[in-house]
Amino acid sequence: MLSLKQVSVSIHDKEIVDDFNYTFAAGETIAILGHNGSGKSSLALSIMGHPRYQLAGTIILDGQDISGVSPTDRHIAGLFLSFQNIPEIPGIRVSEYLRTIYNTHFARQHIGTKSPSPFVFRRMIEKLLPWLWLDQSILDRDLFVGFSGGEKRRIELLQVALLDPSVIILDEIDSGLDIDAIDILRGQIDMWRLAGKTIILITHNFHLLDSIDVDRIIVMRDGQIEREGDRSLVETIRREGFK
Ligand code: ADP
Ligand code: MG
C-alpha cells in the first residue's frame, strides 16, 4: 500500500504536481491517465526519490514514512519503478546485474546471513525464466544491448519477480510491448494482485487498459487529480477524451 499525503513536486521552483492525495491500496491495480505534460512521470520519479525533483508532503509505504530516504532505500523498502527509456550497458552481463541488485537487497533484509552462492542464485533465476518466456542464454548477454523492446521489459519483470516489491509502478511500458509481452504482463499482474501488491500503471494505451483488469482510474491534469473512478471511466474517456 502506498499513501501520498499533500504531495507537491517541483523542479527549478516550477510546480509540476500540486497537493496530490491518494492511497493506492494493496491488491489493486490503478491506472493513471492524462495528457502529456500533466505530471505523471514527475510524480512517479519523485515517489522513487529522483534528485532532480523537490518533493513536499508525505509518502507512506506499507506503514513506513519513506519521504526522506534515498532512492536505494525506497527500492529496498519495496518500491519498484520501470525505466521509461531503458539504457544499454555494455560490459555488464544480465546475470551479474541481477545478482548485484539481489545481493544488495538480500544484505539489507537478512543482516548477518550470507547471500546465495552464484550457483544457487543462477538456479533461482533459471526457475523464473519460463514464466517470462525467456531463454537461459539471455543471462549471458550484455545488459540490454541489442535487446528488443519486449526483451527489455521482460528483464524488468524478472527483476520484479526476484526482488518481490510491494508497490510496482510501470510508466508507459506499453511502447516496447508486443502482443506476447502484453500477455506475459497480464499474467504477471494477475499474480501480483493475488500476492497483495499494489500496481500503478501509467499509460495512454487503451488496448493495454482493455487487456488488464484495472480497479481504479485516476485522470491527471496540470499536476492534480482531475477525476477518479472505477474502470467505467475508461469508456467515458474513450468517448469524450480528456475534457
Ligand atoms: P507526463 O509524464 O504526464 O507527460 P511529465 O511529468 O513528464 O508529464 O511533465 C510534467 C511537466 O513537468 C511538463 O510541463 C514538463 O515540461 C515538466 N518537466 C518535467 N521534467 C522536467 C525537467 N527535467 N525540466 C523542466 N521541466 C520538466
Ligand atoms: Mg510521462
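This is a predicted model: local features need pLDDT of at least 70, side-chain atom pairs count only at pLDDT 80 or more; totals for chains, interfaces and linings use all residues.

Colleague: What makes Gly 37 a polar contact of ligand 1?

Modeller: The cut-off is 3.5 Å between N or O atoms. A polar backbone atom of Gly 37 is 2.7 Å from an oxygen atom of ligand 1. That is within 3.5 Å, so the pair counts.

Colleague: What about Ser 41 and Lys 14?

Modeller: For Ser 41, a polar backbone atom is 2.9 Å from a ligand oxygen. For Lys 14, a polar side-chain atom lies 3.4 Å from an oxygen of ligand 1. Both distances are within 3.5 Å, so both pairs count too.

Colleague: How much of ligand 1 does the protein bury?

Modeller: Ligand 1 taken alone exposes 560 Å², and the protein buries 66% of that.

Colleague: Which residues of the shell are closest to ligand 1?

Modeller: The shell has 13 residues, and the closest are Gly 37, Gly 39, Lys 40, Ser 41 and Ser 42. Helix H1 (40-47) and strand E2 (14-24) each supply at least two shell residues. H1 gives the largest share, 3 residues.

Colleague: How do the shell residues divide by type?

Modeller: There are 7 polar, 3 nonpolar and 3 charged residues.

Colleague: Now the largest pocket. What lines it?

Modeller: Its lining has 23 residues. Nearest its centre lie Met 48, Pro 71, His 75, Leu 81 and Phe 83. The space in this pocket is about 560 Å³. Several elements supply at least two lining residues each, among them H1, helix H2 (71-77) and helix H3 (94-109). By type, the lining has 10 nonpolar, 11 polar and 2 charged residues.

Colleague: Why is the other space called a cavity rather than a pocket?

Modeller: In a cavity the probe fits but cannot get out, whereas a pocket is open. By this rule there is 1 cavity of 30 Å³ or more. The largest cavity has a volume of about 30 Å³.

Colleague: Which residues line the largest cavity?

Modeller: They are Ile 32, Lys 40, Leu 43, Ala 44, Ile 47, Ile 169, Ile 200 and Ile 202. H1 and strand E10 (198-202) each give two or more of them. The largest share, 4 residues, comes from H1.

Colleague: What makes Lys 40 the charged one in this lining?

Modeller: The lining divides into 7 nonpolar, no polar and 1 charged. Lysine counts as charged, so Lys 40 is that residue.

How values were computed: Residues are numbered from 1 along each chain as its sequence is written. Chains are lettered from A and ligands numbered from 1 in the order in which they are written. Side-chain values use heavy atoms; hydrogens and water are left out. A residue is near a molecule or strand if one of its heavy atoms lies within 4 Å of it. A polar contact is a pair of N or O atoms within 3.5 Å; within protein, one must be able to donate a hydrogen and the other to accept it, and residues adjacent in sequence count only if both atoms are side-chain atoms. Accessible areas come from the Shrake-Rupley method with a 1.4 Å probe; for residues, only the protein chains shown count as cover. On a 1 Å grid over the protein atoms alone, a cavity is a set of points where a 1.4 Å probe fits but cannot get out, and a pocket is an open set with protein on both sides within 12 Å along at least five of seven lines; lining residues have an atom within 4 Å of a point. Grid points are joined across faces, edges and corners, and a volume is the space filled by probe spheres set on the points.
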